[in-house]
Amino acid sequence: MSFAQTLACTVLGSDAVPVVVEASISNGLPCIQVIGLRATEASDARERVRCGLASLGIGVGDLRRCVVSIAPADLPKSGAALDLPIALAILAALGRLDPARVARVASHGELGLDGSLRAADGVVAAAFAALRSGAEEFLVSSGNARRAALAPTCVLAAPDLRSVVAHMVGAVPLERADAASLRNVASFDVDLADVRAQQAGVDAVVTAAAGGHNVLLFGAPGCGKTMLAQRMPTILPPLDAHTALEVATIHDAAGLRERELDARPPFRAPHHTVSQQALVGGGGARPIVGEITLAHRGVLFLDELPEYRPSAIDALRQPLEDHEVRIRRAGWVARYPCRTQLVAAMNLCRCGQWGAVTGAACSCPASSRASYLQRVSGAIIDRFDIRTRMSLSGSIADAAPATDSQAAARGVEAARRIQLERWGGRLNGEVTIVDDARFDLDPRARARADRLAQRTDGARTQRSMVRVARTLADLDDRPRVSEDDIVAAFDMCRSTPGGASHD
Ligand SMILES: [Zn+2]
């Protein structure tokens with residue numbers, strides 16, 4: 001019996017983990033058996049690898065009884081990207097490649113039936129896992145090369161299995177791949193200045209962006225809620241190389257293959273028919289990341305909030321507090337990051353006309369209006385530090401243009417810099433203990449905050465009020481939170497779509 005092994009990586013949600021692929025060849029009836037993968041994935045991989053080896057002139061008869069094992073066995077593994085490591089382990093066990101050399105490399109790629117190599121999902125996370133596993137080289141398909149090379153490891157790209165073999169025997173070395181470049185920002189086709197006659201809405205979105213607050217915009221259709229939400233990424237600071245890579249790794253693992261690294265913060269706007277699993281992540285044996293994680297370092301926008309499944313919306317609560325989604329399965333826990341700002345918009349009734357100024361009348365019975373609003377639980381409403389009722393104020397034609405995105409972004413960035421220093425990497429909207437002295441409330445502001453909180457629901461309102469007031473002071477570059485900040489913040493956080501402001 002002859003034996004060989006090689007390194008590979010399997011994608012698990014937004015991350016990848018190193019695995020070992022072993023092959024043993026012994027005398028017996030010719031066959032390839034793959035263990036450690038689910039049955040359908042194992043049989044698909046076996047057929048692709050068999051055809052790939054045939055492209056090198058290696059037939060089933062040469063293989064004799066070939067057993068491939070992928071360890072650890074209890075880890076859920078994604079199949080196709082394991083084709084190349086499986087083929088390499090078999091070639092080494094056959095003595096066609098040096099087993100010692102094959103044991104020191106990691107690889108990732110799907111085999112076509114003609115032996116060509118295809119790009120596979122999750123190559124960025126896999127390249128980092130390969131680096132952790134201590135592999136000397138990471139072999140991928142040409143289509144995956146630039147993204148794989150985002151990891152600081154030796155990435156070599158090959159068009160097909162034959163070129164990989166030529167490299168491994170030292171005949172024709174493969175070239176080292178260059179990394180994808182960071183695409184520069186400033187390429188938005190929308191701007192905050194497009195939004196007219198909506199000062200309250202603009203203030204809400206700028207304050208939310210500055211302090212990392214979740215924001216709920218409500219009001220009749222046509223008042224610009226969606227327009228404002230879509231402009232949120234234009235006023236957020238661009239991602240730096242480190243965070244852009246973090247986002248690219250997550251997106252790549254989820255199968256979103258962008259060509260270059262993008263410095264623009266992600267903006268995800270899933271339709272209201274989205275399942276709970278697709279929204280927060282989860283799933284069966286092999287977990288998927290949810291929209292909240294795809295929006296990591298950016299914005300998750302839920303338009304028409306009451307139309308979403310109440311269970312899906314409620315499942316956002318914990319991740320929004322923890323900035324992390326945890327998925328438990330037998331034997332392991334997957335953790336997906338979600339430092340995500342939630343922006344939501346909603347009408348005040350199903351037909352949308354309640355509260356409109358257009359003259360159209362709401363056709364919903366009063367009972368249906370109430371049940372529509374009740375689809376969004378109070379516990380979720382509490383997660384929004386800023387809740388703004390929008391209505392059209394005055395004529396759009398006469399209104400002065402709002403602040404443009406560039407100017408707003410400068411203010412947001414300056415305010416964020418102060419907060420990141422104060423809280424050691426966090427923003428005001430991410431700080432949960434609001435009696436922390438670093439909020440630095442003027443004594444009169446503290447007394448006012450206490451009084452206002454007592455008049456309403458207490459702790460939740462107080463928390464939102466103090467956090468938003470701190471952001472208003474930071475936007476003005478004032479070290480102390482004044483009583484005026486508290487009053488302005490109270491105005492921004494007290495409304496609820498139910499109409500009853502806490503007064
Ligand atoms: Zn209505």
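**Chat about a predicted chain**

Q: How much of the chain is buried?
A: Buried residues make up 48% of the 503 residues. Buried means 20 or more other C-beta atoms within 10 Å of a residue's own, exposed means 12 or fewer, and partly exposed is in between, with C-beta atoms placed from the backbone. This is a predicted model, where local features need pLDDT of at least 70 and side-chain atom pairs count only at pLDDT 80 or more, while totals for chains, interfaces and linings use all residues. Numbering runs from 1 along each chain as its sequence is written.

Q: OK, how many helices and strands?
A: The chain has 20 helices and 20 strands. Those are DSSP runs numbered from the N terminus: H or I for helices, at least four residues, and E for strands, at least two.

Q: Switching topic, where does E304 sit?
A: E304 is in the loop between β16 (299–303) and α13 (310–314). E304 isn't a glycine, yet has a positive phi of about 60°.

Q: And is E304 partly exposed or buried?
A: E304 counts as partly exposed because 17 other C-beta atoms lie within 10 Å.

Q: What about D477, exposed or buried?
A: D477 is exposed, because it has 10 C-beta neighbours inside 10 Å. D477 lies in the loop between α19 (459–475) and α20 (483–493), and has a positive phi of about 60° although it is not a glycine.

Q: Which residues does the cis peptide bond join?
A: A71 and P72, with omega about 5°. P72 lies in the loop between β4 (65–71) and α3 (83–93).
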